[in-house]
Amino acid sequence: MAGKKIIGNLKLRVPGGRATAGPPVGSTLGQWGLNMMEFINPFNEATKDFQGKNVIVHIQVYEDRTFTWNCLGQPVDDMIREKIKIQKGSGKPNMDKVGKITRAQLEEIAQVKMSQLNANDLDAAVKIVAGSARSMGVEVEG
């Protein structure tokens, strides 16, 4: 949307395929004066494969009350928790470890998130994902 002035950048974490006019979507879009259904229906259709999982979505709001959105998929921390089957990360990641993750599991996550990571190759992407795992109190093997 070249030429339109951006007045807001929103970042939401929404259940895939289950966005509703209630919070967090309704309250956030409502305060910007946006038509919720113009977001909800296309979002639910695009994210139906992520049923039951949270996805991150970035919304750019323009001064004429139009918007564009981009779905970034599942957050890395959710993917790590899902891979090693834990409920949550550690409150003290340097002292209390909550699980272990292998290099192969890190590579799987890195391949999915490669386009969104600031990395030139798979090895660099794996290091980024491993850093996220360590900050959650997950031991990285290999």
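1. Buried here means under 20% relative accessible area, exposed means over 50%, and partly exposed lies in between (1.4 Å probe, protein chains only). With that in hand, the largest nonpolar core has 18 residues, and those with the most contacts inside it are Ile80, Ile84, Ile101, Leu106, Ile109, Val129 and Val138.

2. A word on where the values come from. This is a predicted model, in which local features need pLDDT of at least 70 and side-chain atom pairs count only at pLDDT 80 or more, while totals for chains, interfaces and linings use all residues. Residues are numbered from 1 along each chain as its sequence is written, and side-chain values use heavy atoms, with hydrogens and water left out.

3. Helix H3 (76-84), helix H4 (103-113) and helix H5 (122-135) each supply at least two of its residues, and H5 gives the largest share, 5 residues. Helices (H or I, at least four residues) and strands (E, at least two) are DSSP runs, numbered from the N terminus. There is also a second, separate core of 15 residues, which includes Leu10, Val25, Val57 and Ile59.

4. Contact means heavy atoms within 4.5 Å; leaving aside neighbours within four places in sequence, Ile84 is in contact with Gly99, Lys100, Ile101, Gln105 and Val138. After H3 comes Lys85, whose phi is positive, near 55°.

5. Now to the sheet. Three strands form an open sheet in the order E1-E2-E3, with antiparallel pairing; two strands pair if DSSP finds at least two bridges between them. Strand E1 (6-15) and E3 are the edge strands, each pairing on one side only. From one strand to the next, the twist averages 20°. E1 and strand E2 (residues 54-62) pair over 9 bridges in the antiparallel sense, and Gly8 stands opposite Val61 in E2.

6. Helix H2 packs on this sheet, touching E1, E2 and E3, and its direction makes about 25° with that of E3. Axes are lines fitted to C-alpha atoms, for helices over the stretch in contact, and angles run from 0 to 180 degrees between N-to-C directions. Asn44 is found in H2 and is buried, with a relative accessible area of 18%. Leaving aside neighbours within four places in sequence, Asn44 is in contact with Gly17, Arg18 and Ala19.

7. How many aromatic pairs does a search of the whole structure find? There are 4. The rings of Phe39 and Trp69 have centres 5.5 Å apart and planes at 80°, so this pair is edge-to-face. Rings of Phe, Tyr and Trp (its six-membered ring) pair if their centres lie within 6.5 Å; planes under 30 degrees apart count as stacked, over 60 as edge-to-face and the rest as tilted. Because Phe39 lies in H2 (residues 36-46) and Trp69 in strand E3 (residues 67-73), the pair ties together parts that are 30 residues apart in sequence. Phe39 is buried at 0% relative accessibility, whereas Trp69 is partly exposed at 25%. Ring pairs link Phe39, Phe43, Phe67 and Trp69 into a cluster.

Definitions and conventions. A nonpolar core is a set of buried Ala, Val, Leu, Ile, Met, Phe, Trp, Tyr and Cys residues joined through side-chain atoms within 4.5 Å.
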